[in-house]
Amino acid sequence: KAGVTQTPRYLIKTRGQQVTLSCSPISGHRSVSWYQQTPGQGLQFLFEYFSETQRNKGNFPGRFSGRQFSNSRSEMNVSTLELGDSALYLCASSFRDMNTEAFFGQGTRLTVV
Amino acid sequence: AQSVTQPDIHITVSEGASLELRCNYSYGATPYLFWYVQSPGQGLQLLLKYFSGDTLVQGIKGFEAEFKRSQSSFNLRKPSVHWSDAAEYFCAVGDTGNMLTFGGGTRLMVKP
């Protein structure tokens with residue numbers, strides 16, 4: 001079956017702009033989580049959606065937001081981009097809870113200039 | 001709050017040698033523990049996971065890990081490393097829902 005698909009793979013934006021990243025989970029998976037990966041801070045949890053509801057949220061400013069649609073596809077949005085938002089954004093999908101495996105997409109590489 | 005520490009930022013081993021990557025965690029209850037591997041520019045692939053039961057867990061690609069509650073450790077091992085194992089390895093602890101807290105990662109280099 002198809003894996004987790006993230007689009008776009010690469011993105012270059014200017015400071016102050018906003019950006020929307022997309023994640024299509026594995027068919028049948030209802031949980032989608034987002035992570036930010038940077039060389040300085042490593043992998044950090046952003047938020048998790050389950051059946052269109054945000055179930056968990058990490059320690060990120062309100063400029064970072066997300067949503068999940070009825071087909072479990074998820075988007076995350078970053079407004080008023082800062083240079084420090086440059087990162088690899090990873091999406092993970094799983095069927096339900098922690099005792100089921102989380103499958104990661106290849107990520108979206110965001111560069112803010 | 002939970003946390004994960006991977007003490008070794010870089011490790012270099014010779015091809016064919018054994019490997020052990022260290023992971024220490026801090027978590028109040030019985031943890032869900034994971035090891036992931038990441039190749040450059042790629043996402044994360046699950047190597048193995050521990051939820052309960054047998055403390056020695058077998059994973060893919062010949063990897064295994066041992067959960068030691070008394071030491072709060074979940075070290076990853078492989079008896080004989082292959083050049084294709086060169087990558088970055090992440091230990092993680094799982095919390096409610098599907099929130100993972102990752103360690104800082106260990107970059108493995110394999111000498112021919």
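**View 1. The interface between chain A and chain B in the predicted model.** Chain A and chain B together bury about 1,800 Å², and 57% of this area lies on carbon and sulfur atoms; buried area here is the accessible area (1.4 Å probe) that two parts lose on being put together, summed over both. The size of an interface is often given in this way, as the accessible area lost when the parts come together. To the contact, which means heavy atoms within 4.5 Å, chain A brings 22 residues and chain B brings 19 residues. This is a predicted model, in which local features need pLDDT of at least 70 and side-chain atom pairs count only at pLDDT 80 or more, while totals for chains, interfaces and linings use all residues, and side-chain values use heavy atoms, with hydrogens and water left out. Residues are numbered from 1 along each chain as its sequence is written, and chains are lettered from A in the order in which they are written.

**View 2. The open sheet of chain A.** In chain A, 4 strands form an open, antiparallel sheet in the order β1-β3-β8-β7, where strands (E, at least two residues) are DSSP runs numbered from the N terminus and two strands pair if DSSP finds at least two bridges between them. Its edge strands, each pairing on one side only, are β1 (5–7) and β7 (64–68) of chain A. The strands β1(A) and β3(A) (residues 19–24) run antiparallel and are joined by 3 bridges, and A:T7 has A:S22 as its bridge partner in β3(A).

**View 3. Two backbone details in loops of chain A.** A cis peptide bond, with omega about -10°, joins A:T7 and A:P8, and A:P8 lies in the loop between β1 and β2 (10–13) of chain A. A:E52, found in the loop between β5 and β6 of chain A, has a positive phi of about 70° although it is not a glycine. Most residues other than glycine have a negative phi, and most peptide bonds are trans.
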